[in-house]
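Welcome! Here is a short tour for anyone meeting this chain for the first time. Take a look at the sequence and the model, then read on.

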Amino acid sequence: MPPVKLKLFTRAFKDPSTADIEAVAEHFQVSREAAARTYVDYHDEPLAIVFAKNNIVHSVHKNKDFPFLNATYGKLIPNGAKVYGNRVQDLQKSPFGSWVD
């Protein structure tokens, strides 16, 4: 996804949303994980995304503006964090306080 084209495509998006990630994936014909990582990288808001499987952190991706994130590869997800399914396509917004110390 060329950054310029991504910025043009996402310019109309207002608040960060998992629906935006779905739209990016569909429009650019990439996986949802690739879309999510790129979306986080180029969004103007401080954003992070955590991929987990069976409540274990698989990977963490955040942009430069996001503060410390309490999620470590191979560890259980923090208490209070929302988990939705075990697949990349099961994206779910989670409360900020459950991931940040």
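Two residues are in contact when they have heavy atoms within 4.5 Å of each other. Counting the contacts in the chain with a separation of 6 or more, 32% come from residues 24 or more positions apart. Please keep in mind that this is a predicted model.

## The overall layout

The chain has 3 helices and 2 strands. Read from the N terminus, the order of these elements is α-α-α-β-β.

How much of the chain is buried? Of its 101 residues, 31% count as buried. The chain exposes about 6,600 Å², and 52% of that area is supplied by carbon and sulfur atoms.

## Where two helices meet

Helix 2 covers residues 18-28 and helix 3 covers residues 32-42. They pack at an angle of about 115°, and their axes lie 8 Å apart. Their crossing is right-handed.

Which residues make this contact? From helix 2 come D20, I21, E22, V24 and A25, and they meet R32, A35, A36 and Y39 of helix 3.

The hairpin of strand 1 and strand 2 has 2 residues between the strands. In this hairpin, N54 takes a positive phi near 55°.

Note on methods. Residues are numbered from 1 along each chain as its sequence is written. This is a predicted model: local features need pLDDT of at least 70, side-chain atom pairs count only at pLDDT 80 or more; totals for chains, interfaces and linings use all residues. Side-chain values use heavy atoms; hydrogens and water are left out. Two strands pair if DSSP finds at least two bridges between them. Helices (H or I, at least four residues) and strands (E, at least two) are DSSP runs, numbered from the N terminus. Axes are lines fitted to C-alpha atoms, for helices over the stretch in contact, and angles run from 0 to 180 degrees between N-to-C directions. A crossing is left-handed if the near helix is turned anticlockwise from the far one by less than a right angle, and right-handed if clockwise. Buried means under 20% relative accessible area, exposed over 50%, partly exposed in between (1.4 Å probe, protein chains only). Accessible areas come from the Shrake-Rupley method with a 1.4 Å probe; for residues, only the protein chains shown count as cover.
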